[in-house]
Amino acid sequence: MNLHEYQGKELLNSFGVRIQRGIVAHNANEAVDAAKQLTAETGTSWHVIKAQVHAGGRGKGGGVKLAKNLQEVEEIAGNIIGMNLVTPQTSAEGKKVHQVLVAEDVYYPGDNEPEEYYMSVLLNRGAGRNMIMYSTEGGMDIEQVAEETPHLIFTEEIDPAVGILPFQARRVAFNLGLSGTAFKEMTKFVTSLYTAYVKSDASLFEINPVLKTSDDKILAVDSKVTLDENALYRHRDLAELRDLREENPIEVEAGSLGLNYVDLDGNVGCMVNGAGLAMATMDLIKHSGGEPANFLDVGGTADAARVEAAFKIILKDPNVKAILINIFGGIVRCDRVAQGVIDAYRNLGNINVPIIVRLQGTNADIAKELIDNSGLDVLSATEFQEAADKVQEVLS
């Protein structure tokens, strides 16, 4: 589950991570009030207006702008709120901006020049350890840094059973070239950031940039936070931060029905029980010359109601030219699934795309006979290759 920048910053701040302070506004008037409040609390005279959408590269799309007075705050916020923001991480249509973050200016003059760093905390699956990735090249796309100057990216692996140790936080500060007050500030920042990552059951914390201010404070200017949905039952307060407006509406609907669904760009809809079989089915579709239109796992209870709900979800995609149902009858009997497919087909009425049903496992022979004798425009298969051939046939 992704959080907005302002939500991520509030989470970080609750664990002692210093942040660029800001206030959320939903219209231009609220933005002006927020700017006035920030000036009173922080002394800032300039304000940064940031679109709040679940996408990176907002500045490149015109979603982050600096306002030097209240008139500019009102004008910029009014222009950003309601716009469809297109960034390198959105579709061509972009994402509608419903709110902005009015933030303090932290690039004020002082004894030293401000410096930007990149930092993220994530799981290194290969090593089975958490990892802090960081670089002196903050404010840039980390992919570009990795490609052009990989020697400027550092990693610190942390044993989750032990947690981050003081020498590791100091090594991060040292590799970033810090000393004095900034060095101490960075060690505190890194330690608090890692604690926030672990305590919130996150799968990703990305801060780009981490800023060393002109007076050697270390703070998060941005925040990208992704929480592990499997752990949200432990964090009811964080689960309430979910913004459904930022998510694919079909995926949201599927989730409410208990279906594991991921929208893709292909032309063959998939309905499968089990994630591993779903991955194999997508390979099967590719092998037959098609492209998967979705990942849809109906789980172990593929009854008529569940199959019907899955049909409705798949058919919402106008790009679907065929549907492949691939069910392994282990816990669930294939004949019951077949009857579910037949009942769902009849309840939905005319389905104008070809349907291939492959049922294998318990009572697969009975299931095939039910499908073949149903009188419906449904093709049955029992083997992978047979299903692949039928997909290729209907697509051609």
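Helices (H or I, at least four residues) and strands (E, at least two) are DSSP runs, numbered from the N terminus. This report applies these terms to a predicted model, in which local features need pLDDT of at least 70, side-chain atom pairs count only at pLDDT 80 or more, and totals for chains, interfaces and linings use all residues. Residues are numbered from 1 along each chain as its sequence is written, and side-chain values use heavy atoms, with hydrogens and water left out.

**Overall architecture**

The chain contains 13 helices and 18 strands. Its C-alpha trace spans about 85 × 50 × 40 Å along the principal axes. Of the 396 residues, 48% count as buried, a class defined by under 20% relative accessible area, with exposed meaning over 50% and partly exposed lying in between (1.4 Å probe, protein chains only). Contact means heavy atoms within 4.5 Å; among the contacts in the chain with a separation of 6 or more, residues 24 or more positions apart account for 67%.

Helix H1 (residues 5–14) is mostly covered, with seven of its 10 residues buried. Those buried residues are Glu5, Tyr6, Gln7, Gly8, Lys9, Leu11 and Leu12. Just after H1, Gly16 adopts a positive phi of about 90°.

Val32 belongs to helix H2 (residues 28–42) and counts as buried at 12% relative accessibility. Not counting residues up to four places away in sequence, Val32 touches Leu70, Val73 and Glu74. Val32 and Glu74 are 42 residues apart in sequence, yet their C-alpha atoms are 5.8 Å apart in space.

**Strand E14**

Strand E14 (residues 268–272) has five of its five residues buried, so it is largely enclosed by the rest of the structure. In a regular strand the side chains alternate between the two faces of the sheet. Both faces of E14 are covered: Val268, Cys270 and Val272 are buried on one side, and Gly269 and Met271 on the other. Two strands pair if DSSP finds at least two bridges between them. E14 runs parallel to strand E16 (residues 322–329), to which five bridges join it; within E16, Ala322 is the bridge partner of Val268.

Rings of Phe, Tyr and Trp (its six-membered ring) pair if their centres lie within 6.5 Å; planes under 30 degrees apart count as stacked, over 60 as edge-to-face and the rest as tilted. A search of the whole structure finds three aromatic pairs. One of them joins Tyr197 and Phe205 in an edge-to-face arrangement, at 6.0 Å centre to centre and 80° between the planes. Together with Tyr194, Tyr197 and Phe205 form one aromatic cluster.

| Residue | Relative accessible area |
|---|---|
| Val32 | 12% |
| Tyr197 | 5% |
| Phe205 | 0% |

Tyr197 also contributes to the lining of the second largest pocket, along with Leu123, Arg125, Asn130, Val198, Asp201, Ala202, Ser203, Asp228 and Ala231. Helix H6 (180–199) and strand E10 (202–212) are the elements that give two or more residues to this lining. On a 1 Å grid over the protein atoms alone, a cavity is a set of points where a 1.4 Å probe fits but cannot get out, whereas a pocket is an open set with protein on both sides within 12 Å along at least five of seven lines; lining residues have an atom within 4 Å of a point. The volume of the second largest pocket is about 210 Å³, where grid points are joined across faces, edges and corners and a volume is the space filled by probe spheres set on the points.
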